[in-house]
Amino acid sequence: MPFKKTISIISWIFVLVLSALLNVSCHKETVPVGDVLLPEALKSTFYYAPGTYWILEEKATGLFFRDSLYVKSSRIDTVDVLHPGSRQPYARKEVLKTRLVWPFYGMEAEIASESASLCSGRSLSGEPCHFLTMEFFLNGKSRGKTRMYYYPAEADAGWPVVLSGLIEPQLRIDTIIATYAQAGYTFSDVRRVLIDSDRSFQGTPSVRYISPDAGIIRWQYPSFGTDWQVIRYRVLPGK
């Protein structure tokens with residue numbers, strides 16, 4: 001009958017409209033609001049002014065090579081964060097860059113920050129997350145870049161890093177050492193960081209010990225049998 005047919009058509013239209021609304025609701029893009037600023041704890045670990053240096057001694061080979069690692073330049077820039085849909089700026093983000101020189105290898109290294117308003121797959125109460133990358137340069141050409149630290153600096157089972165659609169090698173803070181002694185110094189809350197495939201050093205595994213107050217104090221490259229340890233240092237906060 002025409003009346004029943006009309007009811008049936010209206011019912012189908014209602015179902016289709018409801019489904020569309022639910023689909024839009026489920027896929028509605030959530031855009032975080034607010035600027036993404038670097039935490040002070042992260043700056044105190046990686047943002048140092050020229051005049052900062054670390055004297056290192058290689059312990060694994062028994063040859064006791066010594067070298068210096070020093071800060072060439074550092075800066076923090078503020079850049080626009082673009083809306084993923086409109087591509088219009090809606091917030092600001094701080095970006096840290098610290099340039100190091102390592103004479104033993106004849107290379108320079110740049111530590112840089114990458115930040116996101118929200119951390120995908122992490123239970124961090126909706127707070128921003130930050131990664132630190134390290135990229136080595138030889139004669140001005142990149143020798144590789146890898147993510148080597150994250151913040152909040154939790155010790156956990158690992159973080160297969162996914163940011164901006166890129167999948168990085170596994171990175172994890174293996175443990176946090178409350179009191180760590182090295183070369184007559186005592187450091188607190190040292191993070192032992194493991195990288196499965198360090199692209200900044202030929203894709204081999206690496207281990208770094210990172211002090212909140214003194215930066216990277218130990219560099220281990222097991223595949224090459226090297227263990228560089230800081231035996232003296234001076235750090236000047238970035239300006």
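The entries below go from the overall layout to salt bridges, the cavity and a few surface spots.

**Ground rules.** I am working from a predicted model, where local features need pLDDT of at least 70, side-chain atom pairs count only at pLDDT 80 or more, and totals for chains, interfaces and linings use all residues. Residues are numbered from 1 along each chain as its sequence is written, and side-chain values use heavy atoms, with hydrogens and water left out.

**Layout.** I counted two helices and 12 strands in the protein chain; helices (H or I, at least four residues) and strands (E, at least two) are DSSP runs numbered from the N terminus. Reading from the N terminus, I get α-α-β-β-β-β-β-β-β-β-β-β-β-β. Of the 239 residues in the chain, 41% are buried. For that I used under 20% relative accessible area as buried, over 50% as exposed and anything in between as partly exposed (1.4 Å probe, protein chains only).

**Salt bridges.** I searched the whole structure and found 15 salt bridges, each a side-chain nitrogen of Lys or Arg within 4 Å of a carboxyl oxygen of Asp or Glu.

- E40 pairs with K43, with the closest N and O atoms 3.5 Å apart. Both sit in helix α2 (residues 40–46), three residues apart, about one turn of the helix. E40 is exposed at 57% relative accessible area, whereas K43 is buried at 17%.
- D196 pairs with R172, and here the closest N and O atoms are 3.1 Å apart. This pair links distant parts of the chain, with D196 in strand β9 (residues 185–198) and R172 in strand β8 (residues 166–182), 24 residues apart. D196 is partly exposed, at 37% relative accessible area.
- D227 pairs with R218 at 2.8 Å between the closest N and O atoms. I found both D227 and R218 buried.

I also noted that K72, R99, E108 and E110 are joined into one network by salt bridges that share partners.

**Cavity.** How many cavities of 30 Å³ or more does the structure hold? I found one. On a 1 Å grid over the protein atoms alone, a cavity is a set of points where a 1.4 Å probe fits but cannot get out, and lining residues have an atom within 4 Å of a point. The largest cavity has a volume of about 80 Å³, the volume being the space filled by probe spheres set on the points, which are joined across faces, edges and corners. Its lining includes T45, F46, W54, I216 and W219. β11 (215–221) is one of the elements that supply at least two lining residues each, along with α2 and β3 (89–102). β11 gives the most, with three residues.

**Surface.** L63, F65 and F104 form a nonpolar patch, with about 290 Å² of accessible area together. Patch residues have over 30% relative accessible area and no salt bridge; nonpolar side chains (Val, Leu, Ile, Met, Phe, Trp, Tyr) are joined within 5 Å, like charges within 9 Å. Areas come from the Shrake-Rupley method with a 1.4 Å probe, and for residues only the protein chains shown count as cover. I placed F65 in the loop between β1 (53–58) and β2 (66–82); F65 is partly exposed, at 36%.

**Chain end.** G238 lies in the segment after β12 (226–234) and is partly exposed, at 23% relative accessible area. G238 and Y47 are 191 residues apart in sequence but 5.2 Å apart in space, C-alpha to C-alpha.

How values were computed. On a 1 Å grid over the protein atoms alone, a cavity is a set of points where a 1.4 Å probe fits but cannot get out, and a pocket is an open set with protein on both sides within 12 Å along at least five of seven lines; lining residues have an atom within 4 Å of a point.
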